[in-house]
Amino acid sequence: CEPGPAVVAAKDAEGRAETEVAAKAEAEAKLLQPDKNKPLASYKLLDDDSSDSIFLYQAASNMPPDFEKLAGMYSKEYRETSDSFRKQELLAALKPQMQQKIADAQASPYAYIQLDYNNNLEAYDFERKGFPVFSFGENTQKETLGPYGSSATLNWINKHQVAFAPVADEAAAREIEGMRTKQQYNNPPRLKVYFLAQSADLNSTEINAHVTRVQIVDKSGRVLAEYGPDGSVAIRAEDDFCQHDPVACAISG
């Protein structure tokens, strides 16, 4: 007895999915992998007033730079002037600067940002001894840097690996929980997120950022806890997006 059309279609779909996962995993294997010995002090800060994210994107994309487009994102004067002669003068002056910034980002595509949201962490989980991280949750939006049109967006490709912050030390956990609740609006737990710009979405200005380290800090910058995607904390089934999106999981590693 031959299988019916529904069974054949299901097997075909399963085969295509497996092929797609394998192809994505092969592509991921060719990507630059994080250097575990990279000192955190050598990571470059990307803040909201910085245009460095566009050069990090350019470096991660491995595409020939469009200097006119980059100049429009990098320089307010270039962006706002309508004098074509002035634009040419500015472009000539800006090009060496932009080339250097791209070269720097290619040499070290590592950066960090600070998330100052008052809801970075959820309530302490006594069973797992740590904090679920809302900022890396399944439904959290991608992180946009700087002014619209002159910056890049970060896509946390391995956020499932850092969506839980282990804090076994009770004194540190109590302090963080107090900041999360009683000090929610004047001193919430902030997150310093260190990452590798692993690749780029060529259809947007989106950087595929592989998180390498996360620090929980207070408003003074004091580190209260630190962790990374080392697999020491088991991912719960309900938090594991690999079960629902194996292709994305293959990309993130």
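**Close-up views of a predicted model**

**Overview: the whole chain.** Seven helices and nine strands make up this protein; helices (H or I, at least four residues) and strands (E, at least two) are DSSP runs, numbered from the N terminus. This is a predicted model, where local features need pLDDT of at least 70 and side-chain atom pairs count only at pLDDT 80 or more, while totals for chains, interfaces and linings use all residues. Residues are numbered from 1 along each chain as its sequence is written, and side-chain values use heavy atoms, with hydrogens and water left out. Of the 253 residues, 42% are buried (buried means under 20% relative accessible area, exposed over 50%, partly exposed in between, with a 1.4 Å probe and protein chains only). Take the contacts (heavy atoms within 4.5 Å) with a separation of 6 or more: 67% of them join residues 24 or more positions apart.

**View 1: helix 3 and what covers it.** Helix 3 runs over residues 67-74, and its buried residues are Phe67, Leu70, Ala71, Gly72 and Met73. The cover over these buried residues includes helix 2 (52-61), helix 4 (76-80) and helix 5 (84-107).

**View 2: helix 2 against helix 3.** Two packed helices are described by the angle between their axes and the distance between the axes. Here helix 2 and helix 3 pack at about 155°, with axes 9 Å apart; axes are lines fitted to C-alpha atoms, for helices over the stretch in contact, and angles run from 0 to 180 degrees between N-to-C directions. Ile54, Phe55 and Gln58 of helix 2 meet Leu70, Met73 and Tyr74 of helix 3. By type, the residues of this contact are five nonpolar, one polar and no charged (Ala, Val, Leu, Ile, Met, Phe, Trp, Tyr, Cys and Pro count as nonpolar, Asp, Glu, Lys and Arg as charged, and the others, Gly among them, as polar).

**View 3: helix 2 against helix 5.** Helix 2 and helix 5 pack at an angle of about 65°, and their axes are 8 Å apart. On the helix 2 side, the contact is made by Asp52, Phe55, Leu56, Gln58 and Ala59. Helix 5 brings Met98, Lys101, Ile102, Ala105 and Gln106 to the contact.

**View 4: Asn62 in its loop.** Asn62 sits in the loop between helix 2 and helix 3. Its phi is near 60°, a positive value in a residue other than glycine. Asn62 is exposed, at a relative accessible area of 65%.

**View 5: Ser199 and its partner.** Look for Ser199 in strand 7 (residues 190-201). Ser199 is buried, with a relative accessible area of 15%. Its side chain makes a polar contact with the side chain of Asn208 (2.9 Å); a polar contact is a pair of N or O atoms within 3.5 Å, where within protein one must be able to donate a hydrogen and the other to accept it, and residues adjacent in sequence count only if both atoms are side-chain atoms. Leaving aside neighbours within four places in sequence, Ser199 also touches residues including Leu31 and Ala60.

**View 6: Tyr110 and its surroundings.** Tyr110 lies in strand 2 (residues 110-115) and is buried, with a relative accessible area of 7%. Beyond its neighbours within four places in sequence, its contacts include Gln33, Tyr43, Phe195 and Leu196. Tyr110 and Thr212 are 102 residues apart in sequence and 9.4 Å apart in space, C-alpha to C-alpha.
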